[in-house]
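Work through the exercises below with the model open beside you. Try each task before you read its solution.

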Amino acid sequence: MAVYRFKPRLDSEWVLEKQSGEILPMGEVMRLLAAVDEYGHIAGACQARGLSYRHAWGILRKAEADFQAPLIETSRRRGSRLTSFAQHLLWANRRIDARLAPTFESIASELQEELQRLYSEEMSVLRLHASHGFAVEGLMRLANGQDMLPLELRYRTGIEALSSLDRGECDLAGFQVPVDEYEQPILKRYGHWLNPDRMLLLHLAERNTGLFVQPGNPKNILSVQDFVRPDVRFVNRQMGSSTRFLVHLLLERHGIDPSQVTGFDSGEFTHLAIAAHIASGMADVGIGVETAAWRCGLDFIPLAKERYFFGINKDLVGTQSLQRLLDLMNGEAYQAYVRDLVGYDCSLLGQVQTLEQAFGAGYA
């Protein structure tokens, strides 16, 4: 089988333009601030970034002069920490990364495909359409590290992915289904594309979904009923996403009109973008998977459990491509990765199921 010669990667990096026209690149500054935030002192940040102590301070002093604001506070007892100004800069950068990550990964996958065509080599590529998630992200990282498993990714909502599978535009369609009381409304929404005669399911994981709130929950937000309070700002997922539909179901259950919720019409594309939005103080509450809350240092209030599946057509069974994917998913590296995701249960990871086995006799 042909192998990848190149693996395209796109990274976000922003600049500031002064009134004089001078351009201030922010990439190096943001990476250094992130390292100081992580390690708690300049020396550790320098080692992590491969910078000399003198050069690092030069970067910081130049940035402080440009912003006319301090970025670092230092003391013998507490080491170094970011000022409030620097912390807000860092969270702005993290929101940018979280928002752009799905788009960049999809474009990189398209570039990979174009590069392979230039070499006129045949390659058996699995086409994955899925909503952005941590288990999918980890799978792509491992697959792209192995020439044996070319995996092409397009980030789509659950319905878009299932629709693509139905039209033969992808081989794997990622979608999530909450368990218990919210399962049937979601299945009804997906129903047009869930054909038991043609489709099987590849189980990824069960994950915790709930409220993201500031550390310590200063506004005492305990349920979606608090969304209507005038002092609560909500940040939502994008139109068409399954998480946004779950929000709709939660509000409906409590008789809440979405127009009563400040921020309901907002739309972020990833769980991590929701978390970064709240961590930066731009919103008070959002809904997503527990992993994102943990990564951004937020408190998490469980609301539901969701199962995440890849839908596949039955004619993919028995192919070498699917077997390589199953080998990867059942391998120790990926199993360990998913086990380490906060709020994820991987006990059924890699199992192939019928719709009936997953959802009951209604799909026989």
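Axes are lines fitted to C-alpha atoms, for helices over the stretch in contact, and angles run from 0 to 180 degrees between N-to-C directions. Helices (H or I, at least four residues) and strands (E, at least two) are DSSP runs, numbered from the N terminus. The model is predicted: local features need pLDDT of at least 70, side-chain atom pairs count only at pLDDT 80 or more, and totals for chains, interfaces and linings use all residues. Residues are numbered from 1 along each chain as its sequence is written, and side-chain values use heavy atoms, with hydrogens and water left out.

**Exercise 1.** Describe how α5 and α12 cross, and list the residues in contact.

Solution. 
- Step 1: find helix α5 at residues 134–144 and helix α12 at residues 332–339. Their axes come within 10 Å and cross at roughly 150°.
- Step 2: classify the angle. Angles under 35 degrees count as roughly parallel, over 145 as roughly antiparallel, 65 to 115 as roughly perpendicular and the rest as oblique. α5 and α12 are therefore roughly antiparallel.
- Step 3: assign the hand. A crossing is left-handed if the near helix is turned anticlockwise from the far one by less than a right angle, and right-handed if clockwise. The crossing of α5 and α12 is right-handed.
- Step 4: list the contact (heavy atoms within 4.5 Å). α5 supplies Phe134, Ala135, Val136, Glu137, Gly138, Leu139, Arg141 and Leu142, and α12 supplies Ala333, Tyr334 and Tyr337.
- Step 5: sort by class. Ala, Val, Leu, Ile, Met, Phe, Trp, Tyr, Cys and Pro count as nonpolar, Asp, Glu, Lys and Arg as charged, and the others, Gly among them, as polar. This contact of α5 with α12 has eight nonpolar, one polar and two charged residues.

**Exercise 2.** Work out how α11 packs on α12.

Solution. 
- Step 1: helix α11 spans residues 320–330. Its axis lies 4 Å from that of α12, at an angle of about 55°.
- Step 2: that angle makes α11 oblique to α12.
- Step 3: Leu328, Met329 and Asn330 of α11 touch Glu332, Tyr334 and Gln335 of α12.
- Step 4: by class, the α11 and α12 contact has three nonpolar, two polar and one charged.

**Exercise 3.** Which element gives the largest share of the lining of the largest pocket?

Solution. 
- Step 1: On a 1 Å grid over the protein atoms alone, a cavity is a set of points where a 1.4 Å probe fits but cannot get out, and a pocket is an open set with protein on both sides within 12 Å along at least five of seven lines; lining residues have an atom within 4 Å of a point. Grid points are joined across faces, edges and corners, and a volume is the space filled by probe spheres set on the points.
- Step 2: the largest pocket has a volume of about 1,600 Å³.
- Step 3: its lining holds 45 residues, with Leu10, Asp11, Asp97, Ala101 and Glu105 nearest the centre.
- Step 4: α4 gives the largest share of this lining, 13 residues.
- Step 5: the lining divides into 22 nonpolar, eight polar and 15 charged.

**Exercise 4.** How many cavities of 30 Å³ or more does the structure hold?

Solution. 
- Step 1: there are two.
- Step 2: the largest cavity has a volume of about 60 Å³. Among its lining residues are Ser131, His132, Arg156 and His271. The lining has no nonpolar, 10 polar and two charged residues.
- Step 3: the second largest cavity holds about 50 Å³. Helix α6 (residues 158–166) gives the most to its lining, three residues. By class, that lining has four nonpolar, two polar and two charged.
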